[in-house]
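Welcome, and please open your viewer. We will go from selection to selection and look at what is there.

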Amino acid sequence: MLCSLNGEYQECVQSLEHSEEPFEGKSQFLEDLYFVQLHATGIPNTGRFSCSICGSKCSAREYRLNGWTWPAAYAHGVDEHNLVPTQEFREFILQQKERHE
């Protein structure tokens, strides 16, 4: 799953493989992600797309904040498929949560 930082695309999950087991800190990360998304600029994109893992229809919307852009479907991948965020993206979300509290 690609995100961008200052216009440069990069992976923001460690692997695209579905895992049955949640990673340590998953619930807290999702809570922080949803909070940060409230403070991010929502970029509406028309339509929906299918999740490459399960085929679920996901929003094509994106979020942008402080140089980062990530798809709304990012939360679906983490929540439903236990995709593990990269350390860099986790740190960004935590910093933004602390900044906006």
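Which residues have the most contacts inside the largest nonpolar core? Select Phe 29, Leu 33, Trp 70, Tyr 74, Phe 89, Phe 92 and Ile 93; the core has 21 residues. Such a core is a set of buried Ala, Val, Leu, Ile, Met, Phe, Trp, Tyr and Cys residues joined through side-chain atoms within 4.5 Å. Two or more residues each come from helix 1, strand 6, strand 7, helix 2 and helix 3, and helix 1 gives the largest share, 4 residues. Helices (H or I, at least four residues) and strands (E, at least two) are DSSP runs, numbered from the N terminus.

This is a predicted model, where local features need pLDDT of at least 70, side-chain atom pairs count only at pLDDT 80 or more, and totals for chains, interfaces and linings use all residues. Residues are numbered from 1 along each chain as its sequence is written, and side-chain values use heavy atoms, leaving out hydrogens and water.

Next, select helix 3, residues 87-100.

Finally, pick Trp 70. Leaving aside neighbours within four places in sequence, its contacts include Cys 3, Val 36, Ala 40 and Phe 92.

Methods. Expected span 1.5 Å × (residues − 1). Buried < 20%, exposed > 50% of the residue type's maximum accessible area, 1.4 Å probe, protein only. Contact = heavy atoms within 4.5 Å.
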